[in-house]
Amino acid sequence: MEIARPYLLFLGDVHDDLAAKTAYGIVDWRRDWCVGQLRLPGCNADAELPETDIQGAVEAGAKTMIVGVVNPGGVLPDHWVETIVAALDAGMDVASGLHMRLGEVEAIAEAAARNGRQLFDVRHSSQRFATGKGTKRQGLRLLTVGTDCSVGKKYAALALEKGMRGRGLNADFRATGQTGIFISGRGVSVDAVVADFISGAAEWLTPANEPDHWDVVEGQGSLFHPSFAGVSLGLLHGAQPDAFVVCHEPTRTQMRNVQHPIPMIREVIDATVYCGKLTNPAIICVGIAVNTEKLDEAEAKALCKEIAIEHGVPTTDPVRFGVEGIVERMIREFHAQ
């Protein structure tokens with residue numbers, strides 16, 4: 001799917017910042033794509049964009065209203081429907097990352113039809129994918145992998161895209177989750193793809209390209225997570241990465257929502273290389289991204305240094321300290337004359 005921009009971010013009347021994490025992710029990385037935010041009375045989230053209404057957003061050039069929130073069950077509240085219909089009537093498309101499809105609401109489906117507008121349910125791709133073939137294709141690819149889910153794989157990939165472009169590399173972020181799709185404007189939510197076609201979806205997302213072009217692929221889940229390892233493995237085989245970066249949250253001892261312990265970073269590196277060799281025998285680890293949000297700066301720097309020494313690859317918090325070391329390693333490995 002390809003979503004037209006600029007965006008109007010709709011925050012509804014959510015009760016806290018966490019519920020608006022989709023909108024916050026868009027603002028963190030693509031603020032220049034956003035004309036403003038629309039909030040209903042009682043909304044306690046604030047993406048720190050200009051406040052606007054539907055008409056003001058259209059006048060500012062908005063092409064798509066993004067429902068930039070998550071909630072339990074992914075259900076669209078009834079009292080949000082009026083605002084969504086108004087956006088469609090004003091000439092905007094509407095996109096949502098909720099589990100509930102926009103078109104399931106009769107009033108929204110009718111408004112989209114009468115105005116000739118598109119509804120994007122980014123968790124539910126309409127694209128049909130072939131099964132993965134594992135055939136080598138031109139171009140370079142990097143995948144972020146994790147010791148767990150929700151450790152910063154998306155933010156690491158986006159920071160790497162920015163850092164690579166800053167060094168003159170030809171790099172594009174490839175989204176595999178709903179927030180990433182909003183940030184990039186295109187992509188596929190691989191956790192909604194039938195298992196047989198996950199690797200094929202990853203191949204579709206990262207097709208043959210120029211020899212020096214990098215697809216920087218947003219990772220999902222973890223090869224060690226009993227709930228999501230299948231998605232992680234399919235993405236690894238289909239993305240066929242030349243390089244990967246391990247993402248880690250150092251304060252966790254147990255994987256999210258299960259009783260399994262967090263694997264060691266070395267275990268993740270070894271497993272990724274072992275499994276990744278099926279479609280790219282030359283796969284290598286080029287860095288480690290540590291989410292140090294819960295550590296003070298001195299602790300964070302000391303930990304990154306310790307991990308770098310232990311594993312022999314550049315280690316950083318991509319958001320806090322940048323990715324220069326990892327990018328430099330990639331240049332030496334893949335672009336040295």
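What share of the contacts in the protein with a separation of 6 or more comes from residues 24 or more positions apart? The share is 75%, where contact means heavy atoms within 4.5 Å.

This is a predicted model, in which local features need pLDDT of at least 70 and side-chain atom pairs count only at pLDDT 80 or more, while totals for chains, interfaces and linings use all residues. Residues are numbered from 1 along each chain as its sequence is written, and side-chain values use heavy atoms, with hydrogens and water left out.

**Figure 1. Overall fold of the protein.** The chain forms twelve helices and eleven strands (DSSP runs numbered from the N terminus: helices are H or I with at least four residues, strands are E with at least two). The radius of gyration is 20 Å, close to the 20 Å from the globule rule for 337 residues, so the protein is as compact as a globular protein of that length. This radius is taken over C-alpha atoms, and the rule is 2.2 Å times the number of residues to the power 0.38. Along the principal axes, the C-alpha atoms fill a box of roughly 55 × 45 × 40 Å. Of the 337 residues, 55% are buried (under 20% relative accessible area, with a 1.4 Å probe and protein chains only).

**Figure 2. Helix H8 and its packing partners.** Eight of the eleven residues of H8 are buried, so the helix is largely enclosed by the rest of the structure. Among them are Val 231, Leu 235, Leu 236 and His 237. The buried residues pack against strands S6 (140-146) and S8 (213-217) and helices H7 (198-205) and H9 (265-276). Gln 240 follows H8 and has a positive phi, near 55 degrees.

**Figure 3. Gly 238 in helix H8.** Gly 238 belongs to H8, which spans residues 229-239. Its relative accessibility is 0%, which counts as buried. Beyond its neighbours within four places in sequence, Gly 238 contacts Arg 137, Ser 199, Ala 202, Glu 203 and Thr 206. Arg 252 is 14 residues away along the chain, and the two C-alpha atoms are separated by 29 Å.

**Figure 4. His 248 in strand S9.** His 248 is located in S9 (residues 243-248). With a relative accessible area of 11%, His 248 is buried. Leaving aside neighbours within four places in sequence, its contacts are Thr 147, Val 151, Ile 262, Ile 265, Ala 289, Val 290 and Asn 291. Arg 186 and His 248 are 62 residues apart in sequence, and their C-alpha atoms are 26 Å apart in space.

Notes. Buried < 20%, exposed > 50% of the residue type's maximum accessible area, 1.4 Å probe, protein only.
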